[in-house]
Amino acid sequence: MRVFYHVALQDVHISILKIWVKIQVTKQIYGDRILPMIIQKQKFAYAATILSLAGISFSAPIGALAIKSGGAPIIVGMYRMAFSIPITALVWFLSSRKKEGVAKKEITLKHNLINLLSGVFLAFHFTCWYYALGNTTVFSAAALVSLQPIFAMLGAYIIYKQKPARSIILPLFIALAGSYVLISPSVGEGLGGSLFGNIMAASGSLFMAAYLLCGKFAMKEISLGRYVTVTYTVCFLLMAVEAFIMGETFAVPTSVLLLCFLLSFSATLFGHTLINWSLPYVGAFFVTVVLLGEPIGASLAAFLMFGTVPGLVELLGGAMIIAGIAIMVMRANKNPQSKSLPS
């Protein structure tokens with residue numbers, strides 16, 4: 001526990017240092033008012049990150065309910081994005097109006113292409129995620145998606161040449177062993193059963209890691225409002241194409257549309273968008289550790305909504321995944337020279 005607080009404090013110090021650099025750059029525009037403004041934003045960001053966990057935790061059971069109510073998995077994800085786009089576009093428009101008169105930064109073609117690519121990866125993530133919810137339990141889906149830091153580590157090694165620290169190898173194997181424990185009971189069912197859903201959930205973690213790596217690069221030059229609006233639009237269009245190719249009907253019951261609208265608020269706006277906004281203020285370590293609570297929160301939400309309880313094997317495998325990933329993240333952030341998880 002002492003190591004946890006040490007690493008968390010170190011991550012806060014890094015975030016404060018980044019903010020201090022921004023203060024020096026923007027002080028000429030806003031004067032001495034900028035420091036209390038930034039401090040107030042940072043306090044709000046910590047609360048917002050914790051609040052986002054509640055929104056994300058209800059994402060899985062609400063999505064599962066939408067699928068049970070007659071919506072195809074790909075259609076549920078598509079309508080979730082469709083309802084999210086107008087709200088994020090409005091936020092982008094209002095924030096851009098506030099910055100009128102301030103010199104606009106030139107956005108390179110590379111950053112714009114990465115922004116588009118993030119939408120592609122998000123579409124693949126949601127495709128896998130909702131097919132997972134339609135074929136396996138809420139707890140299993142949420143626990144397996146928590147594997148994304150492992151794929152983020154692999155992506156950081158391929159893209160940024162960041163070698164993983166040796167100290168994270170053991171917790172990595174603990175997390176992978178937990179995945180095996182969780183998935184193994186479904187192997188005998190074949191791809192027609194929960195095994196397919198578990199594979200989809202694990203695949204979703206891969207695409208989520210790619211989406212986050214793209215966002216880390218793109219948002220160095222692109223504002224949050226513009227980034228999420230473009231990303232969500234590309235995601236929606238690609239999922240619509242997927243649904244058309246798969247022959248899914250776009251007409252769904254009103255109850256499904258209402259659930260998708262609820263998802264756009266609880267999971268997309270109060271979940272992913274809040275996390276993207278708070279990341280520069282609280283650091284990747286704090287965000288990652290908070291999000292490890294998603295399988296627990298999702299299970300509690302599923303219990304409240306459906307009365308379902310994870311089995312003992314599921315709980316054991318999920319606990320191994322969460323513990324392994326948590327130790328990985330802490331050790332990676334404790335060793336800045338070989339930081340292998342993107343921050």
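This short report looks at a pocket, a helix and the nonpolar cores of a predicted model.

## The second largest pocket

Let's start with some empty space. Rolling a probe the size of a water molecule over the atoms shows where such space is left. In this model, the second largest pocket holds about 290 Å³. Its lining is made of 15 residues, and those closest to the centre are Gly155, Ile159, Ala210, Leu213 and Cys214.

Sorted by class, the lining has 13 nonpolar residues, one polar and one charged.

## A closer look at helix H7

H7 has 13 residues, and at 1.5 Å a residue they should span 18 Å; the C-alpha atoms at its ends are 17 Å apart, so the two values agree.

Several residues of H7 are buried: Gln148, Pro149, Ile150, Ala152, Met153, Gly155 and Ala156. Just after H7 comes lysine 161, with a positive phi of about 60°.

In soluble globular proteins, nonpolar side chains tend to be buried together. Here the largest nonpolar core has 74 residues, and Ile75, Val76, Phe126, Trp129, Tyr130 and Ile325 touch the most other members. H5 supplies the largest share of this core, ten residues. A second, separate core has six residues, among them Ala45, Tyr281, Val282 and Val287.

What does valine 76 touch, leaving aside its neighbours within four places in sequence? Valine 76 is in contact with Ala66, Ile67, Gly71, Tyr130, Val256, Cys260 and Leu263.

Terms used:
Residues numbered from 1 in each chain as written. Predicted model: local features only at pLDDT ≥ 70, side-chain atom pairs only at ≥ 80, totals over all residues. Heavy atoms only, no water. 1 Å grid on protein atoms, 1.4 Å probe; cavity = no way out; pocket = protein on both sides within 12 Å on 5 of 7 lines; lining within 4 Å. Points joined across faces, edges and corners; volume = space filled by probe spheres on them. Nonpolar A, V, L, I, M, F, W, Y, C, P; charged D, E, K, R; others polar. Helix = DSSP H or I, 4+ residues; strand = E, 2+ residues; numbered from the N terminus. Expected span 1.5 Å × (residues − 1). Buried < 20%, exposed > 50% of the residue type's maximum accessible area, 1.4 Å probe, protein only. Core = buried A, V, L, I, M, F, W, Y, C linked by side-chain atoms within 4.5 Å. Contact = heavy atoms within 4.5 Å.
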